[in-house]
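Good morning, and thank you for making time for this item on the agenda.

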Amino acid sequence: MTQTLTLIQPDDWHIHLRDGDALATTVPHAANSFNRVICMPNLVPPVKTTEQAVAYRERILTALANSVISDDRKSAFDPRMVLYLTDHTTAEEIRLAKASGVVQAVKLYPAGATTNSADGVTDILGRACVFEAMQQIGLPLLVHGEVTHADVDIFDREKRFLDEILSVIIANFPELKIVMEHITTADAADFCLAQKDNVAATITPQHLLFNRNHMLVGGVKPHYYCLPILKRADHQKRLLEVATSGNPKFFLGTDSAPHATHTKESACGCAGCYSAVHALPLYATAFESVGALDKMENFASRFGANFYGLPINQTTITLAKQDQVIADAYDYLDGKTLTPLLAGQTLAWTQIS
């Protein structure tokens with residue numbers, strides 16, 4: 001008999017859907033697995049205001065309506081929006097965001113940290129009025145945890161961010177709800193554990209399944225390249241430990257990030273792994289690798305909703321222990337392709353409903 005795993009319908013608390021024609025691919029892929037998704041705001045131009053966030057959500061919902069997925073999945077899909085924090089964001093904009101009912105959080109990108117982050121914050125404490133407003137009304141701050149100084153080794157940038165930036169924010173705004181996005185190191189996991197319950201973290205499938213050897217040994221493999229970058233195996237091991245520990249501070253966030261194949265497989269390849277279409281089988285593979293499938297539902301379906309103060313989903317999804325071969329590529333944009341994580345390889349789990 002085939003082994004199955006039925007979960008409360010998960011949410012993805014960190015995803016990149018992009019915009020325009022890209023939504024025709026990314027939105028149905030996400031909606032097939034997840035109910036709520038936290039939509040990253042690093043578009044071109046970025047989503048800086050509540051008005052822009054509401055308009056972006058409408059574009060996502062239009063793409064959903066035009067897709068061929070089931071009506072049940074269409075009705076359940078709920079994109080939750082995020083404002084891109086800049087040096088010019090105001091406390092009044094924060095209050096408008098909260099009142100909108102669709103803006104779920106505000107995102108801190110240190111300037112230059114990742115894709116489309118040139119408008120990110122350059123003066124952290126210069127945003128004190130914004131952080132104070134967020135703390136007062138309970139709007140979470142999502143942080144891309146890397147410093148961007150040219151003299152800091154890329155593998156050390158997360159640790160330096162914890163010491164030099166996040167520690168300062170927490171010390172000055174101790175009640176501010178914070179999500180440490182896509183953590184990649186034991187340092188970040190242990191830092192999160194040392195904080196109060198208002199600080200949590202998301203973990204991606206790639207950082208649970210892979211380390212920098214997978215990306216670099218035997219030749220550079222661009223589809224494993226993401227930011228923050230894959231770290232050593234001991235960091236991967238620590239992330240698996242905390243993700244499967246049952247601690248509610250840690251929950252699912254894929255950081256699925258689409259880039260056209262030709263922009264990944266280039267001399268200066270884009271950072272990001274595309275996993276939305278098969279994220280749950282990837283997580284099941286990771287949790288099974290340490291005998292912790294029984295811990296996956298809380299990680300995927302409960303802990304994030306609880307942190308954000310949202311209801312637990314009422315529907316379910318089922319995975320089966322049966323092989324699936326990941327597609328080599330998906331149609332993307334105008335005549336281009338999008339290569340998913342583990343393209344052409346076989347996963348031992350498949351989403352069947």
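Predicted model: local features only at pLDDT ≥ 70, side-chain atom pairs only at ≥ 80, totals over all residues.

Is Q9 buried or exposed? Q9 is buried, with a relative accessible area of 3%. Q9 is found in the loop between β1, residues 4-8, and β2. Leaving out residues up to four places away in sequence, Q9 touches S33, F34, N35, R73, S301, N313, T315, T316 and I317.

Let me turn to the sheet. Eight strands form an open sheet with parallel pairing, in the order β2-β3-β4-β5-β6-β7-β8-β9. At its edges stand β2, residues 12-15, and β9, residues 250-252; each has a single partner strand, so one side of each is left without a neighbour in the sheet. On average, and ignoring direction, neighbouring strands here are turned by 30° against each other.

Strand β5, residues 103-108, pairs with β6, residues 141-143, in the parallel sense over three bridges, and L108 stands opposite V143 in β6. Helix α2, residues 50-65, packs on the sheet and touches β3 (36-39), β4 (78-84) and β5. The direction of α2 makes about 150° with that of β4. The second pairing is that of β7 and β8, parallel and over three bridges, with I178 opposite V199 in β8.

How many of the residues of β8 are buried? Five of the five are, so β8 is largely enclosed by the rest of the structure. Both faces of β8 are covered, with V199, A201 and I203 buried on one side and A200 and T202 buried on the other.

Next, helix α6, residues 157-172. This helix has 16 residues and reaches 22 Å from its first C-alpha to its last, close to the 22 Å expected at 1.5 Å a residue. At L166, α6 bends by about 40°. The buried residues of α6 are R157, E158, F161, L162, I165, L166, I169 and I170. Their cover includes β5, α5 (128-137), β6, β7 (178-180), α7 (186-194) and β8 (199-203).

A further loop residue deserves a word. K231 sits in the loop between α9, residues 212-216, and α10, residues 233-243. Because its relative accessibility is 4%, K231 counts as buried. Setting aside neighbours within four places in sequence, K231 is in contact with I154, F155, T184, T185, N211 and R212. From A22, K231 is 209 residues away in sequence and 29 Å away in space, C-alpha to C-alpha.

Finally, the cysteines. How many disulfides does the model contain? The count comes to zero. For C226, the nearest cysteine sulfur, that of C273, is 4.2 Å away; a disulfide requires the two sulfur atoms to be within 2.5 Å, and C226 is in no disulfide. C226 is buried, at a relative accessible area of 1%. C270 is likewise in no disulfide, and its nearest cysteine sulfur, that of C268, is 7.5 Å away. C270 is partly exposed, with a relative accessible area of 26%.

That concludes my presentation, and I shall be glad to take questions.

Terms used. Residues numbered from 1 in each chain as written. Heavy atoms only, no water. Buried < 20%, exposed > 50% of the residue type's maximum accessible area, 1.4 Å probe, protein only. Pairing = 2+ DSSP bridges. Helix = DSSP H or I, 4+ residues; strand = E, 2+ residues; numbered from the N terminus. Axes fitted to C-alpha atoms, helices over the stretch in contact; angles between N-to-C directions. Contact = heavy atoms within 4.5 Å. Expected span 1.5 Å × (residues − 1). Bend = angle between axes of the 7 residues up to and from the residue.
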